Amino acid sequence: MAENSVNGMNEPTGVFADTEGRLGVSENGNRRGTRFDPAASKPNGAPADGVLGQVNFTTAATIPTQSGVSSVLGLAVDAGGTVFICDGSSRRVLGSRNAATKASCAPADFVFGQADFDSASAGINNQSFITVFASAVNTAGRLYTTDLF
């Protein structure tokens, strides 16, 4: 198991690449998403350039907040640069607009699946999830998620 750091990964669960060559990796063990700008020009072992879902590279908070996720089971990016993080055990998807241009550790801009950033209520209906496992964005900009229960 890797430690929480700018150079270490722990249980990677998903990956995305955007049109600018950035690589994003979801890490369930470190409870975060990491970003590498641009990935193809980096040497082996290069550190990540940004982190989403935690307040820094070395903390792995477990309480759902606007800046903290409890489990990162997947992530996706749309053509406009919005990154969606699947926070499985908190039953939500966090969205961060223009994630590549934001400061590392910036809080999420919006949430799907919960009434607010700090909730983790359960229930099956058209506004909630049980366990968000993965997401994808189609060419029309629609977000699709899987809900595992």
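Trainee: How does one find empty space in a structure?

Mentor: Rolling a probe the size of a water molecule over the atoms shows where space is left empty. In this predicted model, the largest pocket holds about 280 Å³ of space.

Trainee: Which residues are the closest to the centre of the largest pocket?

Mentor: Asp18, Arg22, Val77, Gly81 and Ala100 are the closest to its centre, out of 24 residues that line the pocket.

Trainee: Which strands supply at least two residues each to that lining?

Mentor: Five strands are to be named here: S1 (12-17), S2 (23-27), S3 (32-36), S4 (50-52) and S5 (72-77). S3 gives the largest share, three residues.

Trainee: How do the residues of the pocket lining divide by class?

Mentor: Ten are nonpolar, nine are polar and five are charged.

Trainee: A cavity differs from a pocket, I take it. What sets the two apart?

Mentor: A probe fits in a cavity but cannot get out, whereas a pocket is open. This structure holds one cavity of 30 Å³ or more. The largest cavity contains about 80 Å³ of space.

Trainee: Now the backbone. Which phi value does Glu11 have?

Mentor: Glu11 is not a glycine, yet its phi is positive, at about 55°. Glu11 sits in the segment before S1.

Trainee: What is the relative accessible area of Glu11?

Mentor: The value is 43%, which makes Glu11 partly exposed. The term applies because partly exposed covers what falls between buried, under 20%, and exposed, over 50%.

Trainee: And where does Arg31 lie?

Mentor: Arg31 is in the loop between S2 and S3. Arg31 has a positive phi of about 55° and is likewise not a glycine. With a relative accessible area of 25%, Arg31 is partly exposed.

Technical notes. Residues numbered from 1 in each chain as written. Predicted model: local features only at pLDDT ≥ 70, side-chain atom pairs only at ≥ 80, totals over all residues. Heavy atoms only, no water. 1 Å grid on protein atoms, 1.4 Å probe; cavity = no way out; pocket = protein on both sides within 12 Å on 5 of 7 lines; lining within 4 Å. Points joined across faces, edges and corners; volume = space filled by probe spheres on them. Helix = DSSP H or I, 4+ residues; strand = E, 2+ residues; numbered from the N terminus. Nonpolar A, V, L, I, M, F, W, Y, C, P; charged D, E, K, R; others polar. Buried < 20%, exposed > 50% of the residue type's maximum accessible area, 1.4 Å probe, protein only.
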